[in-house]
Amino acid sequence: MPTIKILPHPEYCPQGASISAPPGTSICEALLDNDIKIEHACDMSCACTTCHVVVREGFNSLGELDETEEDLLDRAWGLEPHSRLSCQAILAQQDVTIEIPKYSINHAKENH
């Protein structure tokens, strides 16, 4: 079973974490199943960018990006060459290391 190493994030995972999930599981599902409350405003339907993560290791082991995900990623804050929508990044057999960006495009979350 592949392991997802989550780098520390001040809000979602302050100490960092390491979790396991079966192949075929999305990174977003694995995080939520392990009480790491990553944003997912569209309920994992590939309609927003709130679940954006940067895959620091294991990027090529994940399922391929489709055109819809690529178009949405263009709108994500902090986009990097190894960015993925965690709801669309499906685990294979290889371990991955991810970073949850500090900022999100989710305006509903902002404190005004």
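Predicted model: local features only at pLDDT ≥ 70, side-chain atom pairs only at ≥ 80, totals over all residues.
## Overall fold

The protein contains two helices and five strands. Along the sequence these elements follow the order β-β-α-β-α-β-β. The radius of gyration is 13 Å, close to the 13 Å that the globule rule gives for 112 residues, so the protein is as compact as a globular protein of that length.

The C-alpha trace spans about 40 × 35 × 25 Å along its principal axes. Of the 112 residues, 44% count as buried.

## Salt bridges

Side chains of opposite charge can pair when their charged atoms come close. The count in this model comes to four salt bridges. One of them joins Glu80 to Arg56, with the closest N and O atoms 2.7 Å apart. Glu80 lies in the loop between α2 and β4 and Arg56 in strand β3, so this pair ties together parts that are 24 residues apart in sequence. Glu80 is partly exposed, with a relative accessible area of 32%, and Arg56 is partly exposed as well, at 39%.

Arg56 also meets the side chain of Glu99 in a salt bridge, at 2.7 Å from N to O. Because Glu99 belongs to strand β5 (residues 96–99) and Arg56 to strand β3, the pair ties together parts that are 43 residues apart in sequence. Glu99 is partly exposed, with a relative accessible area of 28%. Another salt bridge is formed by Glu69 and Arg84, whose closest N and O atoms are 2.8 Å apart. This pair links distant parts of the chain, with Glu69 in helix α2 and Arg84 in strand β4, 15 residues apart. Both Glu69 and Arg84 are buried. Through shared partners, salt bridges join Arg56, Glu80 and Glu99 into one network.

## A negative surface patch

Asp66, Glu67, Glu70, Asp71 and Asp74 gather on the surface in a patch of negative charge. One of these residues, Asp74, lies in the loop between α2 (67–73) and β4 (83–85). Asp74 has a relative accessible area of 60%, so it counts as exposed.

## Positive phi angles

Asp35 has a phi near 60°, a positive value in a residue other than glycine. Asp35 lies in the loop between α1 (27–33) and β3 (52–57). Cys46 is found in the loop between α1 and β3, and Cys46 has a positive phi of about 60° although it is not a glycine.

Key: Residues numbered from 1 in each chain as written. Heavy atoms only, no water. Patch = residues over 30% accessible without salt bridge, like charges linked within 9 Å, V, L, I, M, F, W, Y side chains within 5 Å. Areas by Shrake-Rupley, 256 points an atom, 1.4 Å probe, with all protein chains shown as cover. Lys, Arg positive; Asp, Glu negative; His and termini not counted. Charge placed at Lys NZ, Arg CZ, Asp CG, Glu CD. Helix = DSSP H or I, 4+ residues; strand = E, 2+ residues; numbered from the N terminus. Buried < 20%, exposed > 50% of the residue type's maximum accessible area, 1.4 Å probe, protein only. Rg over C-alpha atoms; globule rule 2.2 N^0.38 Å.
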